[in-house]
Amino acid sequence: MKLSEIKLELSKLDKIAFQLPNGELVPNHFHVTEVGKITKHFIDCGGTVRKEEVVNFQLWNADDYDYRLHPEKLTHIIELSEKTLGIGDLDIEVEYQGDTIGKFGLDFDGTNFLLTTKKTDCLAKDNCGIPAEKPKLQFSDLGQGSSCDPNSGCC
């Protein structure tokens, strides 16, 4: 989800809820303690220099159980961050404390903001000798009849 998309969705909401990948909701007394621009400048295993930028939201729970962050307040925080930090319309990454700080992508289902799982990947598969994933076939995809016809090329 991009920054422009969350602002559009916030403008339509009366309350904010974030849902973890396991279906649980982040407690409704969460705070957004940081909105920032994260720049990652790195070299991949194939020798290509890369630079990525994301907007980072950090969610945090305190013991102030009566606290509620309203959509217009989060919009104000986002707009202040855009102006002060020069943040463009970047993808959003969310940090949330579990056993350790977890990093999540962000999506929206019409009601809740969904914290989506992120995975590591090799960005230089072609340079590292990692073969392309072979398509998986089902037995049902194979034709009927004899598959060992002498002219079939299987022998």
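Author: A salt bridge is a side-chain nitrogen of Lys or Arg within 4 Å of a carboxyl oxygen of Asp or Glu. Side chains of opposite charge can pair when their charged atoms come close. This is a predicted model, where local features need pLDDT of at least 70 and side-chain atom pairs count only at pLDDT 80 or more, while totals for chains, interfaces and linings use all residues. Residues are numbered from 1 along each chain as its sequence is written, and side-chain values use heavy atoms, with hydrogens and water left out.

By the salt-bridge rule, the count is seven. Start with Lys103 and Glu93. Their side chains meet at 3.9 Å, N to O. Lys103 sits in strand 5 (residues 101-108) and Glu93 in strand 4, so the pair ties together parts ten residues apart in sequence. Strands (E, at least two residues) and helices (H or I, at least four) are DSSP runs, numbered from the N terminus.

How open are these two? Glu93 is buried, at 7% relative accessibility. Lys103 is partly exposed, at 48%. Buried means under 20% relative accessible area, exposed over 50%, partly exposed in between (1.4 Å probe, protein chains only).

Now take Asp91 and Lys2. Their closest N and O atoms are 3.5 Å apart. This pair links distant parts of the chain, 89 residues apart. Asp91 lies in the loop between helix 2 (71-85) and strand 4 (92-97), and Lys2 in the segment before helix 1 (3-10).

Lys125 pairs with Asp121, at 2.6 Å between the closest N and O atoms. Lys125 is partly exposed, at 34%. Asp121 is exposed, at 55%. Elsewhere, salt bridges with shared partners join Glu93, Lys103 and Lys118 into one network.
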